[in-house]
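These are my notebook entries on a structure I was asked to read. I record each point as I looked it up.

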Amino acid sequence: MSFLEVKNIDVYYGDVQVIFDLSLEIAEGEVVSIIGGNGAGKSTLLKTISGLMHPAKGEIFFEDTAIQTAPPEKIVECGIVQVPEGRRLFTLMSVKDNLIVGAYNSRADQYANTTIEDVYTLLPRLQERESQLAMTLSGGEQQMVAIGRGLMAKPKLLMLDEPSLGLAPILIKDIFQTVRKIADQGTTVLLVEQDVIHSLRLSDRGYVLEHGRIAMEGPAKDLLNDPHIKTAYLGL
Amino acid sequence: MIYILEDAINGVLMGSIYGLTALGLTLIFGVLKVINFAHGSLLMVGMYAAYWAIILTGVHPYVALIIVAPVMYLFGYYLQDIVIKPIFKAEKDVREPITVIIVTTGVWYILDNLTLLIFGPTYRNIQDNPLKGKMLEIGEMFISVPKLWGFVTAVVTAAAVYWFLQKTRMGRAIRATSLDREAASLMGINQFKVYNVAFGIGTATAGIAAVTLVPFYNIFPSVGVLFDIKGFIIVVLGGLGSIGGAILGGIIIGLIESIAPQFMTATWTEAIVYGLFLVVLFVKPSGLFGVKYDW
């Protein structure tokens with residue numbers, strides 16, 4: 001019995017098919033990366049898992065429950081939490097309110113006060129900034145808020161969509177270290193990235209997505225040494 | 001001079017009631033991104049509800065709040081849930097769904113004409129209520145007592161709505177949804193439930209405004225239209241989505257309406273109000289107290 005199982009899904013934007021007969025599996029406790037270029041369908045895949053989009057064909061199982069037709073709020077309730085691309089913070093709300101809203105779902109709401117302490121321990125910067133409006137933070141801090149907000153929902157599976165997007169290299173390192181810490185605390189992580197080296201280094205396994213199809217999959221170490229990945233994604 | 005002060009005070013009091021009528025409009029727009037053309041009609045429904053509650057029970061007008069506010073909340077909640085939500089779902093990917101605006105216009109006509117059908121065109125007022133025509137005498141000034149009650153109610157209601165939005169779980173969910181629907185649903189927030197609640201609260205504030213009006217205002221089927229247009233001007237002046245801005249915008253209109261007639265023909269006040277409206281649109285489109293923000 002697997003933790004998350006995506007089975008042969010097709011996803012369309014209107015008439016345009018973006019994902020073709022895609023299947024993948026994630027076991028509990030794993031860190032899995034999905035890498036691929038722009039327009040490969042990475043974000044679409046995450047949106048489909050979190051219920052913002054629905055597959056035209058195929059099934060998605062989470063802890064053996066079919067979730068492919070469930071609305072996003074139900075899926076959060078199940079324990080799949082997405083940190084969206086571009087952070088999507090509630091810009092005119094304080095950092096603390098952003099975090100508290102993260103714990104909106106009924107599973108996490110009752111623990112909000114203790115979870116926020118854990119988030120502050122992991123990301124002490126947020127406590128310093130808790131009363132500031134989210135829009136006044138720097139890009140790196142905003143990404144930290146987005147991750148913290150995701151953690152507030154008590155995820156069983158945390159999905160991060162390009163957390164390094166638009167950040168300086170030194171901040172990218174911070175972000176990936178944070179992701180590693182979250183995984184070490186036992187949360188299953190699905191990471192979608194264009195930063196292939198960083199994301200594969202901290203992952204157990206990886207999938208390579210090309211033109212809406214899984215082109216390769218395997219242990220992260222093998223992918224890092226694969227000649228196709230070296231030429232196509234690392235420019236070596 | 002004392003007369004100008006007297007007019008100014010009465011203008012502020014009446015203006016705060018205007019602000020209260022616009023409070024729900026600004027809240028509903030802030031969350032649903034829809035101009036609710038039926039808002040004046042909801043105020044009218046609230047006035048009839050208050051009228052009958054007071055007439056049938058004989059209580060003090062403000063006691064009617066206990067009935068009118070929850071009834072109007074439910075009315076708004078289910079109006080959104082049953083009539084508006086299906087249209088919203090059909091236009092899910094549109095940021096400012098135009099068809100919803102057309103539906104609210106339909107609701108406006110239906111409510112106004114249904115009221116006309118049921119209660120007829122008669123102008124009603126509550127003759128023997130303890131607030132009617134009462135004046136507070138301060139030196140040589142006369143301050144309208146029912147408007148003073150209205151002012152207090154407006155300030156308390158605005159403060160309560162503000163507190164609710166800032167400090168409660170649902171309030172935060174409403175603010176989050178108003179800022180980013182998709183991100184809010186990724187937080188586990190059911191956006192359609194949030195719309196229902198926001199519409200319910202907006203309608204309840206219209207009901208509260210109705211209760212403040214009935215002790216001194218005539219009640220008739222098209223009374224909402226008068227407040228509709230004022231409401232639109234107020235929310236633009238105050239900044240769409242701003243709670244405090246609605247009250248302050250209302251007070252500005254109230255002041256113009258009460259002071260300007262001292263210096264010119266009363267009919268000019270409308271011109272000044274609309275002129276100010278245009279100037280604000282040209283100079284500061286986000287409103288006097290609104291936050292510059294891409295809705």
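Which residues have the most contacts inside the largest nonpolar core? I took a nonpolar core to be a set of buried Ala, Val, Leu, Ile, Met, Phe, Trp, Tyr and Cys residues joined through side-chain atoms within 4.5 Å. Buried means under 20% relative accessible area, exposed over 50%, and partly exposed in between, with a 1.4 Å probe and protein chains only. The largest core has 88 residues, and those with the most contacts inside it are Phe90(A), Leu32(B), Met47(B), Phe88(B), Ile174(B) and Ile189(B). Helix 8 (residues 191-213) of chain B gives the largest share of this core, twelve residues. Apart from it I found another core, of 37 residues, among them Val81(A), Val83(A), Leu158(A) and Ile182(A). As a general remark, nonpolar side chains tend to be buried together in soluble globular proteins.

Notes on the source. This is a predicted model, in which local features need pLDDT of at least 70 and side-chain atom pairs count only at pLDDT 80 or more, while totals for chains, interfaces and linings use all residues. Residues are numbered from 1 along each chain as its sequence is written, chains are lettered from A and ligands numbered from 1 in the order in which they are written, and side-chain values use heavy atoms, with hydrogens and water left out.

I looked up contacts, that is, heavy atoms within 4.5 Å. Leaving aside residues up to four places away in sequence, Phe88(B) touches Leu32(B), Val34(B), Pro97(B), Val100(B), Arg181(B), Phe192(B) and Tyr195(B). Arg175(B) is found in helix 6 (residues 169-179) of chain B. Is Arg175(B) buried or exposed? Its relative accessibility is 13%, so Arg175(B) counts as buried.

Chain B as a whole. I counted eleven helices and two strands in chain B; helices (H or I, at least four residues) and strands (E, at least two) are DSSP runs, numbered from the N terminus. From the N terminus on, the order is α-α-α-α-β-β-α-α-α-α-α-α-α. Buried residues make up 55% of the 295 residues in chain B. The C-alpha atoms of chain B fill a box of roughly 60 × 45 × 35 Å along the principal axes.

Strand 3 of chain A. I found that five of the five residues of strand 3 (residues 31-35) are buried. Val31(A), Ser33(A) and Ile35(A) point one way, and Val32(A) and Ile34(A) the other way. In a regular strand the side chains alternate between the two faces of the sheet. Two strands pair if DSSP finds at least two bridges between them. Strand 3 of chain A runs parallel to strand 8 (residues 188-193) of chain A, with five bridges, and Val31(A) stands opposite Val189(A). Four bridges link strand 3 of chain A to strand 9 (residues 205-210) of chain A, also in the parallel sense, and there Ser33(A) faces Gly206(A).

The open sheet of chain A. Four strands form it in the order 2-1-4-5, with antiparallel pairing. Strand 2 (16-26) and strand 5 (65-66) of chain A each have a single partner strand, so one side of each is left without a neighbour in the sheet. Two bridges join strand 4 (residues 57-62) of chain A to strand 5 of chain A, where Phe61(A) stands opposite Ala66(A).
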